[in-house]
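Please look at the sequence and the 3D structure below before reading on. The text then goes through them part by part.

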Amino acid sequence: SSPTFSIVNEYITLDNENIFHFDFYRLTKKEEIEQLGLDVYFSSGSYCFIEWPKLVESFLPFDFHSIKIQESLNSRELFLLK
């Protein structure tokens with residue numbers, strides 16, 4: 001589920017590992033992002049999935065991957081951009 005109202009949701013895998021899911025749709029200022037402490041999440045070694053990442057691009061670690069999901073007429077296509 002999208003964490004639109006809570007900005008970040010934490011999930012625990014069957015192997016007892018954390019996954020963080022961010023939705024930055026509601027954020028409008030970089031100051032809001034600075035208060036989240038993203039560096040702690042990014043340096044945790046856990047997977048971090050981000051929706052609406054445009055505002056936080058300058059906060060992303062160097063080795064991030066970008067995935068674009070595009071719907072076509074007959075199927076969905078998944079692109080790994082980096």
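This is a predicted model: local features need pLDDT of at least 70, side-chain atom pairs count only at pLDDT 80 or more; totals for chains, interfaces and linings use all residues.

Residues are numbered from 1 along each chain as its sequence is written, and side-chain values use heavy atoms, with hydrogens and water left out.

The protein chain contains 2 helices and 5 strands. Both kinds of element are DSSP runs numbered from the N terminus: helices are H or I runs of at least four residues, and strands are E runs of at least two. Read from the N terminus, the order is β-β-α-α-β-β-β. The chain has 82 residues, and 18% of them are buried. Here buried means under 20% relative accessible area, exposed means over 50%, and partly exposed is in between (1.4 Å probe, protein chains only). Of the contacts between residues at least 6 apart in sequence, 31% join residues at least 24 apart. A contact means heavy atoms within 4.5 Å.

Next comes the largest pocket. Rolling a probe the size of a water molecule over the atoms shows where empty space is left. On a 1 Å grid over the protein atoms alone, a cavity is a set of points where a 1.4 Å probe fits but cannot get out, whereas a pocket is an open set with protein on both sides within 12 Å along at least five of seven lines; lining residues have an atom within 4 Å of a point. The largest pocket has a volume of about 720 Å³, where volume is the space filled by probe spheres set on the points, and grid points are joined across faces, edges and corners. Its lining consists of 19 residues, and Cys48, Phe49, Ile50, Phe64 and His65 lie nearest the centre. Two or more lining residues come from each of β3 (47-51) and β4 (67-71). The most come from β3, which gives 5 residues. By type, the lining has 11 nonpolar, 4 polar and 4 charged residues. Ala, Val, Leu, Ile, Met, Phe, Trp, Tyr, Cys and Pro count as nonpolar, Asp, Glu, Lys and Arg as charged, and the others, Gly among them, as polar.

Which strand holds Glu51? Glu51 is in β3, and it counts as partly exposed because its relative accessibility is 29%. The side chain of Glu51 makes a polar contact with the side chain of His21 at 2.6 Å. A polar contact is a pair of N or O atoms within 3.5 Å; within protein, one must be able to donate a hydrogen and the other to accept it, and residues adjacent in sequence count only if both atoms are side-chain atoms. Glu51 and Phe24 are 27 residues apart along the chain, yet their C-alpha atoms are separated by 6.2 Å.

Trp52 lies in the loop between β3 and β4. Its phi is near 60°, a positive value in a residue other than glycine. Trp52 is exposed because its relative accessible area is 51%. Ile7, in the segment before β1 (8-12), also has a positive phi, near 70°. Ile7 counts as buried because its relative accessibility is 15%.

In β1 itself is Asn9, whose side chain makes polar contacts with the side chains of Ser6 (3.0 Å) and Tyr11 (3.3 Å).
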